[in-house]
Amino acid sequence: QVQLVESGGGLVQAGGSLRLSCAASGNIVSINAMGWYRQAPGKQRELVARMDRGGSTNYADFVKGRFTISRDNAKNTGALQMNSLKPEDTAVYYCNVDATTRGSRAPYWGQGTQVTVSS
């Protein structure tokens, strides 16, 4: 099993910045990919950014140039730096990993952290 703990959400004014962090623990052999998703009220969960183990990234169009994903493979941690935040970025943000544990490979989700951007 893999446990994910997120931190860094909060309330910020439009144009401001926040940094989300994700720490993975458990019987981890490797984290193959780490990503961030978000879900706003009444909407489906959507991909924000994702990074594979080799460092290749994938960003949603609506965050390109504003958000930056990073990870530390040795520490099994990751982060999402969010700049130039907009009210429409308000959502619960979830860390997701594709992890290999002893004997299996599966996706895991964090509990989510609220990001609220005021206008």
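Mentor: Start with the cluster: ring pairs link Y37, Y94 and W109. This is a predicted model, where local features need pLDDT of at least 70, side-chain atom pairs count only at pLDDT 80 or more, and totals for chains, interfaces and linings use all residues. Residues are numbered from 1 along each chain as its sequence is written, and side-chain values use heavy atoms, with hydrogens and water left out.

Trainee: How is a pair of aromatic rings described?

Mentor: By the distance of the centres and the angle of the planes. Rings of Phe, Tyr and Trp (its six-membered ring) pair if their centres lie within 6.5 Å; planes under 30 degrees apart count as stacked, over 60 as edge-to-face and the rest as tilted.

Trainee: How many aromatic pairs does the structure hold?

Mentor: It holds 2. Y37 and W109 are edge-to-face, 5.0 Å centre to centre, with 65° between the planes. Y37 lies in strand β4 (residues 28-39) and W109 in strand β10 (residues 104-109), so this pair ties together parts 72 residues apart in sequence. Strands are DSSP runs (E, at least two residues), numbered from the N terminus. Y94 and W109 are also edge-to-face, at 6.4 Å and 85°. Y94 lies in strand β9 (residues 91-101), so its pair with W109 ties together parts 15 residues apart in sequence.

Trainee: Which ring has the charged end of R45 over it, 3.7 Å from its centre?

Mentor: That of Y94. A charge sits over a ring if NZ of Lys or CZ of Arg is within 6 Å of the ring centre and within 35 degrees of the ring normal. R45 also lies over the face of W109, at 4.6 Å from the ring centre.

Notes: Helix = DSSP H or I, 4+ residues; strand = E, 2+ residues; numbered from the N terminus.
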